[in-house]
Amino acid sequence: MKFMGFVAIVLVTSSLQAQEAVSPAMRETIDKITKMRETLKVSADRSGAL
(Lines give C-alpha, C1' and ligand atoms only; values in the text may rest on other atoms or scores of the structure.)
Protein backbone atom coordinates (compact mmCIF):
# COMPACT_ATOMS: atom_id res chain seq x y z
CA MET A 1 0.00 0.00 0.00
CA LYS A 2 2.82 2.41 0.84
CA PHE A 3 4.54 1.58 -2.45
CA MET A 4 1.39 2.43 -4.40
CA GLY A 5 1.19 5.79 -2.64
CA PHE A 6 4.84 6.46 -3.44
CA VAL A 7 4.29 5.64 -7.12
CA ALA A 8 1.27 7.97 -7.24
CA ILE A 9 3.27 10.79 -5.63
CA VAL A 10 6.14 10.35 -8.08
CA LEU A 11 3.78 10.30 -11.07
CA VAL A 12 1.88 13.38 -9.95
CA THR A 13 5.05 15.31 -9.14
CA SER A 14 6.61 14.42 -12.48
CA SER A 15 3.41 15.24 -14.33
CA LEU A 16 2.91 18.59 -12.64
CA GLN A 17 6.33 19.75 -13.81
CA ALA A 18 5.12 19.49 -17.41
CA GLN A 19 1.60 20.66 -16.67
CA GLU A 20 1.37 23.32 -19.38
CA ALA A 21 2.10 20.88 -22.21
CA VAL A 22 -0.47 18.19 -21.36
CA SER A 23 -3.39 17.03 -23.41
CA PRO A 24 -6.92 16.91 -21.95
CA ALA A 25 -6.67 13.11 -21.62
CA MET A 26 -3.39 13.44 -19.72
CA ARG A 27 -4.87 16.15 -17.50
CA GLU A 28 -7.73 13.79 -16.63
CA THR A 29 -5.23 11.05 -15.77
CA ILE A 30 -3.25 13.44 -13.57
CA ASP A 31 -6.43 14.46 -11.78
CA LYS A 32 -7.33 10.81 -11.15
CA ILE A 33 -3.85 10.11 -9.76
CA THR A 34 -4.09 13.16 -7.52
CA LYS A 35 -7.44 12.00 -6.16
CA MET A 36 -6.03 8.49 -5.60
CA ARG A 37 -3.10 9.96 -3.70
CA GLU A 38 -5.42 11.96 -1.46
CA THR A 39 -7.58 8.89 -0.82
CA LEU A 40 -4.53 6.81 0.06
CA LYS A 41 -3.31 9.48 2.44
CA VAL A 42 -6.67 9.65 4.24
CA SER A 43 -6.81 5.86 4.43
CA ALA A 44 -3.29 5.70 5.85
CA ASP A 45 -4.05 8.44 8.36
CA ARG A 46 -7.11 6.53 9.57
CA SER A 47 -5.19 3.28 9.94
CA GLY A 48 -2.29 4.96 11.73
CA ALA A 49 0.21 3.82 9.10
CA LEU A 50 1.88 7.21 8.78
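Helix α2 has 24 residues and spans 35 Å from its first C-alpha to its last, close to the 34 Å expected at 1.5 Å a residue, where the expected span is 1.5 Å times one less than the number of residues. The structure is a predicted model, in which local features need pLDDT of at least 70 and side-chain atom pairs count only at pLDDT 80 or more, whereas totals for chains, interfaces and linings use all residues. Residues are numbered from 1 along each chain as its sequence is written, and side-chain values use heavy atoms, with hydrogens and water left out.

The chain contains 2 helices and 0 strands, helices (H or I, at least four residues) and strands (E, at least two) being DSSP runs numbered from the N terminus. Of the 50 residues in the chain, 16% are buried, where buried means under 20% relative accessible area, exposed means over 50%, and partly exposed lies in between (1.4 Å probe, protein chains only). The chain exposes about 4100 Å², of which carbon and sulfur atoms supply 63%; accessible areas come from the Shrake-Rupley method with a 1.4 Å probe, and for residues only the protein chains shown count as cover.

The count of salt bridges comes to 2, a salt bridge being a side-chain nitrogen of Lys or Arg within 4 Å of a carboxyl oxygen of Asp or Glu. Side chains of opposite charge can pair when their charged atoms come close.

| Salt bridge | Closest N and O atoms |
|---|---|
| Arg 27 and Asp 31 | 2.8 Å |
| Lys 32 and Glu 28 | 3.4 Å |

Arg 27 and Asp 31 both lie in helix α2 (residues 24-47), 4 residues apart, which is about one turn of the helix. Lys 32 and Glu 28 are likewise 4 residues apart in helix α2, separated by about one helical turn. An α-helix has 3.6 residues a turn, so residues three or four places apart point the same way. Arg 27 is partly exposed at 24% relative accessible area, and Asp 31 is partly exposed at 34%; in the other pair, Lys 32 is exposed at 52%, while Glu 28 is partly exposed at 45%.

The buried residues in α2 include Ile 30, Ile 33, Leu 40 and Ala 44. The backbone oxygen of Ile 30 lies 2.9 Å from a polar atom of the side chain of Thr 34. Thr 34 is itself found in helix α2 and is partly exposed, with a relative accessible area of 22%. Just after α2, Gly 48 takes a positive phi of about 80°.

Key: Polar contact = N/O pair within 3.5 Å; in protein donor to acceptor, adjacent residues only side chain to side chain.
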